[in-house]
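Here are my notes on this one, jotted down as I went through it. Have a look at the model first, then read on.

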Amino acid sequence: MFKTEAAPKRILIFLLLSALGLALRLMGISFESGDWYESLSVWIAELDRGGLQALSRYTGNYNMPYVTFLLLLTYLPISPLTGIKCLSILFDYICAFTGGKLAVLCCEESAVSKETVFLAAYGGILLAPTVIVNSAWWAQCDSIYVGFVFLAIFYMLKNKTARSMIFWGAALAFKLQTVLAFPVLLIYYWKNKKFSFVYFLIIPLTMETLCLPAILGGCSPLISLTTYLGQTGENQSMCYFYSNLWTFFNWAPYWVFGRMAVVGTVIALLLIAVLILCRESYFDRRNILPYFVWLTMTALCFLPNMHDRYGYMMELGVILCAAVNRRKWWQAVTLQAVTMVLYAPVYLRRYLEYDPRIPAAAWLIVYFAVSFEMINALMGAKEKEQRLSETKGERRHV
């Protein structure tokens, strides 16, 4: 990982970042959030040493791979809350390490060494306030699916398709929010055509495999899908504790504008996909991270009913972009500040009094900046292609 003459120094920085990240998380290890009282502790009580059959009596809305872990915790001689947080903290490190490797893979040769890029991405994710609060205070598991998404993209760029699809399936098995990253996978497939479409079948197969304990316990063989179908009908509102476009239209009734917003989001993503596919330049490691951020941020901007944690994957993607391109650090810092305002009821145990349009405006400024950069890059690619075409025509004429 560190192969230069400055390797001892960088190893020391790596260890210090790791130790600091752990120390900050241990400060919140005993913190009991509202989600613990209202959901996680209730689910633990339902599962308490009930064997695989207890999985069929589970009444929550998380998918079965995570619930299977909760069942396992009831047999271990540790506090369930500590066990839940330890798993999330472990994946914080996996997510940070994998994110660092992905950033190195995507960075071009520049004055900044790849070791520096790795440390910036690793430390940026590990010490991000939202990541620390999410796992160590809130006892949430978003780093699990994001870690798997990063692994999936990493192996996709390495042309290890089967392994990549396994990680896509694992990510989706843990969180439905994985679908926000699927446009990246689909565009990469269509643009590069480096593998057969049959490989996509590995995704549902992986999901079914991870849900096998629940199926053996009496759950439906389709439990990996039916759980998510139930989630899509929850909390139907245009703006649901997330700073996006709909914050400015929180009066809008979901039953009137909800379907329109979904259709509009799909159209926006299709237009972006067409712009990308119409360029001869490859959709590869050189530019996949900015596209990943742009696509997921577009979905988050226009989709209704977005929750405060749904931007977790995109926010970590922005950190990776900032590690590769230091001019983007203001975007990462701004999004961290916005999300920490949204997370305030968790770590402060009370709602802050503020105009929600202020963080939403900051979020939209970052989105417009990202969109401007990407559209500019795409238009620049078009002009470059035209110049190359004209040059080839002149050569043929001569």
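The points below go through salt bridges, aromatic pairs and surface patches.

1. A word on the source before anything else: this is a predicted model. Please read each point with that in mind.

2. Let's begin with the charged pairs. A search of the whole structure turns up six salt bridges. As a reminder, side chains of opposite charge can pair when their charged atoms come close.

3. Next, Asp284 and Arg286, whose side chains meet in a salt bridge at 3.0 Å, N to O. Asp284 counts as buried because its relative accessible area is 16%, under the 20% cut-off. Arg286 is partly exposed, with 47% relative accessibility.

4. Arg357 and Asp355 make another salt bridge, at 2.8 Å from N to O. Here Arg357 is partly exposed at 46% relative accessibility, and Asp355 is partly exposed as well, at 28%.

5. On to the rings. The structure holds 30 aromatic pairs. One of them is Phe302 with Tyr367, an edge-to-face pair with 6.1 Å centre to centre and 80° between the planes. This pair also links distant parts of the chain: Phe302 is in helix α14 (residues 288-302) and Tyr367 in helix α17 (residues 357-397), 65 residues apart.

6. Staying with Tyr367, how is its ring placed against that of Phe368? The two form a tilted pair, 6.0 Å centre to centre with 45° between the planes. Tyr367 is buried, at 6% relative accessible area. Phe302 is partly exposed, at 26%. Phe368 is exposed, at 54%, which means it passes the 50% cut-off for that label.

7. Phe91, Phe148, Phe154, Tyr155, Phe167 and Phe174 belong to it together.

8. Now the surface. Which residues gather in a patch of positive charge there? They are Lys101, Lys158, Lys160, Arg163, Lys194 and Arg285. Of these, Lys194 can be found in the loop between α9 (182-192) and α10 (202-210).

9. Last, a nonpolar patch on the surface. Leu52, Leu212 and Leu216 form it, and together they have about 270 Å² of accessible area. Leu212 lies in helix α11 (residues 212-216). With a relative accessible area of 42%, Leu212 is partly exposed, so it clears the cut-off of over 30% used for patch residues.

Definitions and conventions. Residues numbered from 1 in each chain as written. Predicted model: local features only at pLDDT ≥ 70, side-chain atom pairs only at ≥ 80, totals over all residues. Heavy atoms only, no water. Patch = residues over 30% accessible without salt bridge, like charges linked within 9 Å, V, L, I, M, F, W, Y side chains within 5 Å. Areas by Shrake-Rupley, 256 points an atom, 1.4 Å probe, with all protein chains shown as cover. Salt bridge = Lys/Arg side-chain N within 4 Å of Asp/Glu carboxyl O. Lys, Arg positive; Asp, Glu negative; His and termini not counted. Charge placed at Lys NZ, Arg CZ, Asp CG, Glu CD. Helix = DSSP H or I, 4+ residues; strand = E, 2+ residues; numbered from the N terminus. Phe/Tyr/Trp six-rings, centres within 6.5 Å; stacked < 30°, edge-to-face > 60°. Buried < 20%, exposed > 50% of the residue type's maximum accessible area, 1.4 Å probe, protein only.
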